[in-house]
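Welcome! Here is a short tour for anyone meeting this structure for the first time. Please take a look at the sequence and the model before reading on.

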Amino acid sequence: MRVLNWMPRRCRYDPENPPSFTLSMNILFAFSGTFTVANLYYAQPILNVLAEEFSVSYERASDVATLSQAGYAVGLLFLCPLADMVPRRPFILFLIWATATIWIGLCLTNNFEVFISLSFLCGVGTVTPQLMLPLVGDLAPAHRRASSLSVVVSGLALGLLIARVLSGIVANFTSWRNIYWLAFGAQYLTLILLFFFLPDYPAKNKGLNYFKVLWGMAVMAVTEPLLTQACIIGFLLSAAFTSFWTTLTFLLASPPYEYSSLEIGCFAFIGIVVVALAPVWSRLITDRFVFLFSVVLGLAFEFVGIVISTFIGNFTVAGPIIHAIMMDSGANFSHTANRSNIYNLDPKARNRINTVYMVFAFGGQIMGTAVGNRLYAQGGWVWSGSSNIAFIGVAIIVGIVRGPRETGWIGWSKGWNIKRDDVPKREPVISADTDIEEALTSSNRPKEENPASEAVLSR
């Protein structure tokens, strides 16, 4: 721990000169998110290979993905709230080190029960991207917050892309274990980079009781209308997302396609569209209109792609391609807008708010994986696709029953205008012609906090 607590001078926190959020720091966070979240997805394109290697059924092999996501949900619920109580730099470094060390077991074991158990433990530790997203919310200026978040979220999408592509290529030409060794090296590379460049940031809520914090999050999830709405949408989005990507492997490995693991892995190149579009969408839509508009627009975009794919995917690969492009893009847009919206509830509790949201999201992933696999086993692609249509259809209903300015649970009492009332202004730039004293006074003025939300969270 003493090693993890030591830091280079440039990374040390200075209250008189707090760290500025630069483009290079934004890219570092995105890179780190890419190679940590990838841990959850290396297995997905090679589930058929794992089933053969460990002599288990396809449905049993899917437990690797299910338990990884379950571990991630456990880490979100029990580890992420600690980030509001402890310094985040040593916490992030410790989690990456622990996960990378446990990962060695995945590279070596020949026992399927041990393999899925270690997958669960690695999932628990793979929560560092969810510690970085609230940190971006703290560090990024208001006028760049949504676009900065979208860069990191795009890094997570890139993690899905890299994991699936590398996994498919490596498993096709060499042993599937080599992709796990590559992932081990990537995690330690990430650890080294963050050790030398991740800035320190003080704990925002020292002295909070851990168990009261957990109870406070549970209470807020059912008493704060905006958070509840966002969590339900996130749950349904994630269910549709993992249902598609898990069953896609079985569809493409079966007639009429019978693709190799390489070809299935290359399917993930579609994610490049998501990575390219996300920052542009955030600048043009999310930063300018009410967040709910971006959420519903993303859901509608996704819904169209799923409907097309469900009914043509059995006889043309164009169906899954359209599905992947429109679903990944729509989910990315909706998740980014949801996060930007709920982070405004209470700046001091962003890790806890993010935890509540992501527990719902990964609960959705677990359900989507289980439901998608079961329906695919019983009725094929149309059955699993129909469940995705239902997931997104319900999410759209949840999004439109409560308006962006509504303070209650249902209704549009504050109007239908989709333009933001609080379009963030750029921070004042101090130059030779600027009134320096006025600029400093403005920048140091304390921000308003939400006492109700803080009371619930610390109750």
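Does E113 count as buried, partly exposed or exposed? At 43% relative accessibility, E113 counts as partly exposed, since that class lies between under 20% for buried and over 50% for exposed. Keep in mind that this is a predicted model.

**Salt bridges**

- The structure holds 2 salt bridges.
- In one of them E113 pairs with R60, and their closest N and O atoms are 2.6 Å apart.
- E113 belongs to helix α7 (residues 112-125) and R60 to helix α4 (residues 58-61), so this pair ties together parts that are 53 residues apart in sequence.
- D63 also forms a salt bridge with R60, with 2.5 Å between the closest N and O atoms.
- Through shared partners, R60, D63 and E113 are joined into one network.
- R60 is partly exposed, at 28% relative accessibility, and D63 is partly exposed as well, at 22%.

**Nonpolar cores**

- In soluble globular proteins, nonpolar side chains tend to be buried together.
- The largest nonpolar core here has 91 residues, and F29, L50, Y180 and I342 touch the most other members.
- Helix α12 (residues 225-253) gives this core its largest share, 11 residues.
- Another core, of 18 residues, lies apart from it and includes I233, L236, A240 and V398.
- Leaving aside residues up to four places away in sequence, L50 touches A43, V56, V64, F115 and W176.

How values were computed
Residues are numbered from 1 along each chain as its sequence is written. This is a predicted model: local features need pLDDT of at least 70, side-chain atom pairs count only at pLDDT 80 or more; totals for chains, interfaces and linings use all residues. Side-chain values use heavy atoms; hydrogens and water are left out. A nonpolar core is a set of buried Ala, Val, Leu, Ile, Met, Phe, Trp, Tyr and Cys residues joined through side-chain atoms within 4.5 Å. Buried means under 20% relative accessible area, exposed over 50%, partly exposed in between (1.4 Å probe, protein chains only). Helices (H or I, at least four residues) and strands (E, at least two) are DSSP runs, numbered from the N terminus. Contact means heavy atoms within 4.5 Å. A salt bridge is a side-chain nitrogen of Lys or Arg within 4 Å of a carboxyl oxygen of Asp or Glu.
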